[in-house]
Amino acid sequence: MLQLRLSRRVLHFNFPARTSRGALTEHVVHYVHLYDSENPQVEGLGEAAPLAGLSPDYRPDFEATLEGFVREFNRRQLRELLPQEATELVGPEWPALRFALETAILDLQHGGRHLLYDTAFSRGEAGVPINGLIWMGDAAFMRGQIEKKLTEGYTCLKLKIGSLDFATELDLLREIRMVAGPERLTLRVDANGAFAPAEALPKLEQLARFELHSIEQPIRAGQWAAMREVCRHSPVPVALDEELIGLTEAHQQEALLAQTCPAYLILKPTLVGGLQASQAWATLAQAQGIGWWLTSALESNVGLNAVSQLASWCAQPGFPQGLGTGQLYHNNVAAPLRIQDGQLHYNPRGEWEAPEG
């Protein structure tokens with residue numbers, strides 16, 4: 001019989017991870033372990049890690065819900081389970097749990113070796129290009145991150161903006177462009193909804209001078225009419241991120257894209273409902289000529305590995321993904337993931353740490 005058990009870890013950031021919504025110093029993650037009672041030493045592992053202030057399932061009853069789900073799952077005594085059945089067992093209001101269960105099912109199907117999809121990345125034959133993430137902080141902190149990423153060979157950087165004085169943020173972008181022009185370095189920025197609708201377009205006009213690839217979520221989510229105007233008139237291509245959270249029905253998703261007409265979507269499986277939900281968003285975007293890329297949502301290496309393997313399975317080859325979060329924690333689950341020359345690599349023969357603790 002298939003059985004589930006839970007474990008938990010409190011991850012501690014190497015520095016306060018600041019966004020326009022505030023700073024994070026720790027992140028509680030939960031792991032679901034799926035196994036067959038006749039062969040309990042082989043486990044499929046998935047991660048459920050809702051984000052404070054952002055995930056719809058970041059709620060006081062999340063842990064109790066997980067425990068109740070595990071009890072009910074074990075009571076059913078299922079003999080087999082397909083990944084697509086995760087959406088039948090877990091309601092859409094629990095996107096992180098859906099992601100965890102899907103991942104655990106795929107992992108168990110492939111022998112409990114942390115391999116979800118058979119790709120050049122999962123076989124250790126090729127890397128996935130990623131953007132180097134520059135976190136918010138004072139100008140010196142951000143400048144230090146930028147210099148380090150350029151030295152490490154990144155060809156795409158993403159800057160969190162919206163917490164410093166806007167003039168200071170423009171100065172940072174100006175400094176980057178003095179060192180690396182658009183032919184050498186792709187620049188993305190993420191405002192996390194920090195701009196007021198009335199100020200968004202004037203600020204985007206100033207940002208456009210630096211030949212940016214895109215801006216994520218320039219205004220707060222839920223203002224579709226205002227976002228439509230921003231997307232329509234912005235000189236910088238707009239990517240929707242937080243806007244996608246909580247839209248679980250196809251008709252809602254279609255309505256959002258039809259009304260706002262963004263250039264890109266940012267897909268985070270932990271937030272939008274898992275691997276299948278992310279692929280559904282991607283299919284819908286492609287049908288409307290909208291680009292997209294996958295991004296981790298501050299998961300440990302367990303969740304990061306799952307998102308990375310999904311990216312290697314279905315994302316546009318050569319297009320930088322948002323997967324550079326594995327070095328954020330000083331007590332991350334040790335995993336055979338490494339970054340080299342702006343690409344994430346996986347070693348299928350490498351060692352994994354058990355996530356308990």
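Two strands pair if DSSP finds at least two bridges between them. I kept that rule for every strand entry below. I took helices (H or I, at least four residues) and strands (E, at least two) as DSSP runs, numbered from the N terminus.

I noted that this is a predicted model, where local features need pLDDT of at least 70, side-chain atom pairs count only at pLDDT 80 or more, and totals for chains, interfaces and linings use all residues. Residues are numbered from 1 along each chain as its sequence is written, and side-chain values use heavy atoms, with hydrogens and water left out.

**Entry 1, the sheet.** I looked up β9 (residues 238-240) and found it parallel to β10, over 2 bridges. A239 has Y264 of β10 as its bridge partner. I then traced the whole open sheet: 7 strands, parallel pairing, order β5-β6-β7-β8-β9-β10-β11. β5 (132-134) and β11 stand at the edges with a single partner strand each, so one side of each has no neighbour in the sheet. From one strand to the next the twist averages 25°.

Axes here are lines fitted to C-alpha atoms, for helices over the stretch in contact; angles run from 0 to 180 degrees between N-to-C directions. I checked the length next. The 13 residues of α10 (residues 275-287) should span 18 Å at 1.5 Å a residue, and the end C-alpha atoms are 19 Å apart, which agrees. The expected span is 1.5 Å times one less than the number of residues.

I listed its buried residues (under 20% relative accessible area, 1.4 Å probe, protein chains only). They are L275, A277, S278, W281, A282, L284 and A285. Their cover includes α3 (95-109), α8 (250-260) and α11 (301-314). Just after α10, G289 takes a positive phi of about 75°.

I located R98 in helix α3.

**Entry 4, β13.** I saw β12 (residues 337-340) pair antiparallel with β13 over 4 bridges. The two form a hairpin with 2 residues between them, and D341 in the turn has a positive phi of about 55°. L344 of β13 is the bridge partner of I339, and V128 also stands opposite L344.

Key: Buried < 20%, exposed > 50% of the residue type's maximum accessible area, 1.4 Å probe, protein only. Contact = heavy atoms within 4.5 Å.
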